[in-house]
Amino acid sequence: MQFVGYDTDEPGFLLSDAGGSGAPSVADGDGSSMHADARPADAPAPVEFVSLEPGTELAYTLGERHCAGTVVEGGHVPCPEPTAPHCPQHASTWVCAKCTGTCLKDEMDCVEPHAIYLAAFAPDAFKVGVTKEWRLETRLREQGADRGALLAVVPDGRIAREREAEIAEQIPDRIRVPTKRAGLHRDVDDAAWDALLDEFDVDADDRVRFSYGLDLRDRPVAETIATGTVRGVQGRLLVLDHAGSTYAVDLRDLVGYEAAPEATSRDLQASLGAWG
């Protein structure tokens with residue numbers, strides 16, 4: 001098995017049956033079964049979605065890591081290249097993420113209302129961003145924001161990116177995962193957040209709060225594991241309880257790893273909560 005992707009909207013990850021030990025059997029054309037590794041070389045491997053609902057028990061041991069290949073409509077197409085999570089052939093860059101108002105596509109296609117927003121990450125990290133208007137709350141949750149605020153809705157993505165670039169001269173347009181992880185157990189500095197929103201004259205009706213139910217007293221340990229009880233997911237950070245400690249796993253860091261269906265026996269750093 002191999003971790004080949006993840007979802008932050010409905011938290012979960014994708015496991016492919018391609019390669020590795022313990023791959024399950026699949027049905028042949030005549031109804032008989034064959035080992036997954038015996039399927040035709042050009043046949044996509046089955047993909048399983050593993051939910052990360054709170055309380056889910058995970059028990060995977062990570063093996064070697066290499067390119068996660070690509071997930072297509074029919075399943076997963078593996079790739080043996082050593083670059084992870086994706087080799088140059090399978091890496092994809094969303095060109096719109098680089099836009100600052102000058103369209104980088106042959107033809108502009110972002111002609112629908114876009115929202116310009118601010119997001120807060122505990123305790124006091126703030127960013128500006130843009131998204132399609134109908135995706136605003138989904139986008140904030142995908143990033144793991146603790147607070148969000150709508151600044152404006154404009155007719156298309158080009159105008160939105162222009163406004164974002166202007167605001168980004170004073171407020172960052174991205175917050176790194178380590179910064180988000182460091183504040184998982186903290187509350188937002190409401191005074192600082194309110195002061196920022198006052199600068200933009202944001203109405204109370206345009207402000208949103210999010211709760212991810214993590215209930216953390218201490219900062220979780222940064223680790224790359226897939227064994228433990230799911231406490232919750234905030235953005236792409238999976239929070240797990242394992243052996244008396246709490247860990248925060250960047251789901252992107254799992255992509256590309258081969259996985260055996262058994263709990264890890266690796267020695268891990270203990271969290272402060274393990275000594276409480």
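Predicted model: local features only at pLDDT ≥ 70, side-chain atom pairs only at ≥ 80, totals over all residues.
Local features were considered only at pLDDT of at least 70 and side-chain atom pairs only at pLDDT 80 or more, whereas totals for chains, interfaces and linings use all residues. Residues are numbered from 1 along each chain as its sequence is written, and side-chain values use heavy atoms, without hydrogens and water.

The protein chain contains five helices and 17 strands (DSSP runs, H or I of at least four residues for helices and E of at least two for strands, numbered from the N terminus). Of its 276 residues, 44% are buried (under 20% relative accessible area; exposed is over 50% and partly exposed in between, with a 1.4 Å probe and protein chains only).

Strand β15 (residues 237-242) is largely enclosed by the rest of the structure, because five of its six residues are buried. β15 pairs with strand β14 (residues 226-234) in the antiparallel sense over five bridges; pairing requires at least two DSSP bridges between two strands. Within this pair, leucine 240 of β15 is the bridge partner of valine 230. The hairpin of β14 and β15 has two residues between the strands, and glycine 235 there takes a positive phi near 65 degrees. With strand β16 (residues 245-250), β15 forms six antiparallel bridges, and leucine 238 stands opposite valine 249 in β16.

Glutamate 112 lies in the loop between β8 (75-77) and β9 (114-121). Glutamate 112 counts as partly exposed because its relative accessibility is 27%. Its side chain makes a polar contact of 3.4 Å with the side chain of tryptophan 134 (N or O atoms within 3.5 Å; within protein, one able to donate a hydrogen and the other to accept it, and residues adjacent in sequence counting only if both atoms are side-chain atoms).
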